[in-house]
Amino acid sequence: MSKDILEVISTRQSIRRYTAEPVSDELILKILEAARWAPSGENEQPWELIVVRNPETRAKIGELSKIGTGQRMHTEYCLGEMEKRFAGIEDPAKKASLMRFLCTGDVSLSPTTAPVLIVVMGKLKGMFDVPYDLSACIENMLLEAHSLGLGAVWVHGPAVYPRVVKKLKEILRIPTGVGEYKLIAYIAIGWPEGQRRHPRPKLPLEEIVHWEEYGRRARN
Amino acid sequence: MNNMKNRKLEYFNDLLYRLEEMLYHELSMCAHPKSELVGSDFLASGKIEGANLEQLLGNCLTEIKESGLVDDISYSLHASGTCLRLSVGNCIHMQKEARLKSEGIEPYCCPIANMILDRILGALHYLTTYTADIKVDEDKRRCVIKCAVFDSIGKIGQVSDWTRF
């Protein structure tokens, strides 16, 4: 069997703007099915998924996401780090707009306007590789969504703050004990609104690959 | 007696160092926000309160000094009201911070800042807090920590310059 999926992989983008058109259960189930087939250490399959379509719940998740991301981006700006990060953007209006989008946390609010969120969590007890297994599960879902013509984005931001995670768990009625479940991220899924204007550049192989040993860049 | 106390402190900081090293290795700089609760129990269990930010900070700093966690500590607030600057001298955690730095890891977890920020949330019901920047001068045994404190969601995104603060 030889089926190259590089076309699907290399054309996927993080989509944060969606139309109001709902996503059918049939498509959601296909994405969930893709999650189920992800690799996991010792086939432990620690993942559990919550499909959120309720607009009120999505709005609550959005507010927490905005706080989590906004506070970090706000401080990055105030400490002068964001200016360095976007020094390459010459158009001042464009730069200001981008910085506002980040500093307010709206960058993490917009995904929750998607009609479907899939919250990804993993059972911790008796497991060995939970974060890595969950990441593979997320990638499977992103690729499947893209192959179906849907837009999706992986949102990790709110899951990095223990206090925010506790609130997210309370909203979703996930047991809040730190030893029970790891809530790692959510994926927003919907029909893309327009085309993304600025595909993010990817590093060339020459910059990321070493042959045989660290530091050897030449293939032969 | 002092020797024994120093050995215990050394042991305790070595444990913290190893844990922080591991967390950094697993999470890179995401270890920083993930560790926001480290230290938070100390003032919370003492139920340190205050009617407003200045009063609360005064009470927190007194408790921290009197308990011997640091030799001296002071604070200032940025005009925006969203940046709290802490200056901490001779903290009991200086050894682990210096060791992290010597291993090429920027210190990312200040239990002293964490315990103060936790009280701002717990006693004054601020929306959120975030340790923005930790500068450790191991030669002078002094740290300067800048923390974001937001009492409402509207403050997030109302940026100002903290570089010279």
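This is a predicted model: local features need pLDDT of at least 70, side-chain atom pairs count only at pLDDT 80 or more; totals for chains, interfaces and linings use all residues.
Helices (H or I, at least four residues) and strands (E, at least two) are DSSP runs, numbered from the N terminus.

**Where chains A and B meet**

- The contact (heavy atoms within 4.5 Å) draws 29 residues from chain B and 23 residues from chain A.
- About 2200 Å² is buried between the two chains, with carbon and sulfur atoms giving 65% of that; buried area here is the accessible area (1.4 Å probe) that two parts lose on being put together, summed over both.
- Nine residue pairs, both at pLDDT 80 or more, are in polar contact across the interface of chain B and chain A. A polar contact is a pair of N or O atoms within 3.5 Å; within protein, one must be able to donate a hydrogen and the other to accept it, and residues adjacent in sequence count only if both atoms are side-chain atoms.
- On the chain B side that touches chain A, the elements giving two or more residues are α2 (31–34), α6 (111–124), β3 (128–137) and β4 (142–150) of chain B.
- β3(B) gives the most to that side, with five residues.
- By type, the residues on that side of chain B split into 13 nonpolar, eight polar and eight charged. For that tally, Ala, Val, Leu, Ile, Met, Phe, Trp, Tyr, Cys and Pro are nonpolar, Asp, Glu, Lys and Arg are charged, and the others, Gly among them, are polar.
- Two salt bridges are counted between chain B and chain A, where a salt bridge is a side-chain nitrogen of Lys or Arg within 4 Å of a carboxyl oxygen of Asp or Glu.
- R163(A) and E36(B) meet through their side chains in a salt bridge, at 3.6 Å from N to O.

**Aromatic rings**

- Over all chains, the structure holds two aromatic pairs. Rings of Phe, Tyr and Trp (its six-membered ring) pair if their centres lie within 6.5 Å; planes under 30 degrees apart count as stacked, over 60 as edge-to-face and the rest as tilted.
- Y161(A) and Y130(B) have ring centres 6.2 Å apart and planes at 70°, so this pair is edge-to-face.
- That pair crosses between chains, going from Y161(A) in the loop between β3 (151–155) and α8 (162–172) of chain A to Y130(B) in strand β3 of chain B.
- Y161(A) is buried at 1% relative accessible area, and Y130(B) counts as buried at 7%. The scale runs buried under 20% relative accessible area, exposed over 50%, and partly exposed in between (1.4 Å probe, protein chains only).

**I134(B) in strand β3**

- I134(B) is found in strand β3 of chain B and counts as buried, at 10% relative accessibility.
- Leaving out residues up to four places away in sequence, I134(B) touches P107(B), Y108(B), C109(B), C110(B), V144(B) and I145(B).

**Salt bridges within the chains**

- Searching the whole structure turns up 22 salt bridges over all chains.
- In chain A, K123(A) and E48(A) pair up at 3.4 Å, N to O. They link distant parts of the chain, with K123(A) in strand β2 (residues 116–123) and E48(A) in strand β1, 75 residues apart.
- K96(B) forms a salt bridge with E20(B), their closest N and O atoms being 2.6 Å apart.
- K96(B) sits in helix α5 (residues 94–102) of chain B and E20(B) in helix α1 of chain B, so the pair ties together parts 76 residues apart in sequence.
- K96(B) is buried at 1% relative accessible area, and E20(B) is buried at 6%.
- E10(B) and R7(B) also meet in a salt bridge, at 3.2 Å from N to O; both lie in helix α1 (residues 2–27) of chain B, three residues apart, about one turn of the helix.
- R72(A), E76(A) and R85(A) are linked in a network of salt bridges.

**Positive phi**

- Q45(A) has a positive phi of about 50° although it is not a glycine, and Q45(A) is partly exposed at 33% relative accessible area.
- H125(B), in the loop between α6 and β3 of chain B, has a positive phi of about 55° and isn't a glycine either.
- H125(B) is exposed, with a relative accessible area of 62%.

Key. Residues are numbered from 1 along each chain as its sequence is written. Chains are lettered from A and ligands numbered from 1 in the order in which they are written. Side-chain values use heavy atoms; hydrogens and water are left out.
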